Amino acid sequence: MSFDTTAHNRRMTYFDEHESVWLFGYGSLIWKADFDYLERRPASIRGWVRRFWQGSHDHRGTPEAPGRVVTLVADAGATCHGMAYRIPPRVFEPLDIREKNGYLRVVTDMTFEDGAADGVEQAEGVVYLAGEDNAAYLGPAEEAAIARQIAESHGPSGPNRDYLLNLAAALRELGFEDAHVFALERALLAE
Ligand code: SIN
């Protein structure tokens, strides 16, 4: 079974005519911005929580032993904090490949969290979302089990533990609270 969502994302033409597009990052896109962007701003989106419920067969694990990375899970009362990047649409080309293991480009509203330096508080943009119907989805598990899987997983992009520790450090640096991520960090460090 192919997990590859690249072709599907290539058909997402909603922002094609735009000079730039806001991309909301909530996982590795917060701390690993290895793509061109025009500006970045701390931001949040409403109605979603970040969860280590997505399998990683290509970056932080292997097809035989997938790691765990974050996706967003709908939660009406929740706010997910992250980093927004204003990117030229051509940057979706490498990003679609990076995010190919189940993530789809979805249109979202986002709120900037940096005091609106230019008076703009909100924007419509894109988030990569791995829904529960994607082939790489793992779903919920006990915190200890998730931490153990992360501790044991490695993939072409490196150890899964680095993904979790880098994400926790980046959120802390930005001043964002995330009980799920910080609890997994504690469990991992206690291993
Ligand atoms: C994201 O960071 O916004 C998507 C998930 C990931 O690449 O870790």
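Because the model is predicted, local features need pLDDT of at least 70 and side-chain atom pairs count only at pLDDT 80 or more, while totals for chains, interfaces and linings use all residues. Residues are numbered from 1 along each chain as its sequence is written, and side-chain values use heavy atoms, with hydrogens and water left out.

Around the ligand stand Phe24, Gly25, Tyr26, Gly27, Ser28, Leu29, Val70, Glu99, Tyr103 and Tyr163, a residue being near if one of its heavy atoms lies within 4 Å. By class, this shell holds 6 nonpolar, 3 polar and 1 charged residues, with Tyr counted as nonpolar and Gly as polar. Strand S1 (21-25) and helix H2 (28-31) each contribute at least two shell residues.

The distance is 3.0 Å for a polar backbone atom of Tyr26, 2.8 Å for a backbone N or O atom of Gly27 and 2.9 Å for one of Leu29. The protein covers 97% of the 250 Å² of accessible area that the ligand has on its own (Shrake-Rupley method, 1.4 Å probe).

The protein chain comprises 6 helices and 7 strands, which are DSSP runs of at least four and at least two residues, respectively.

Terms used. A polar contact is a pair of N or O atoms within 3.5 Å; within protein, one must be able to donate a hydrogen and the other to accept it, and residues adjacent in sequence count only if both atoms are side-chain atoms.
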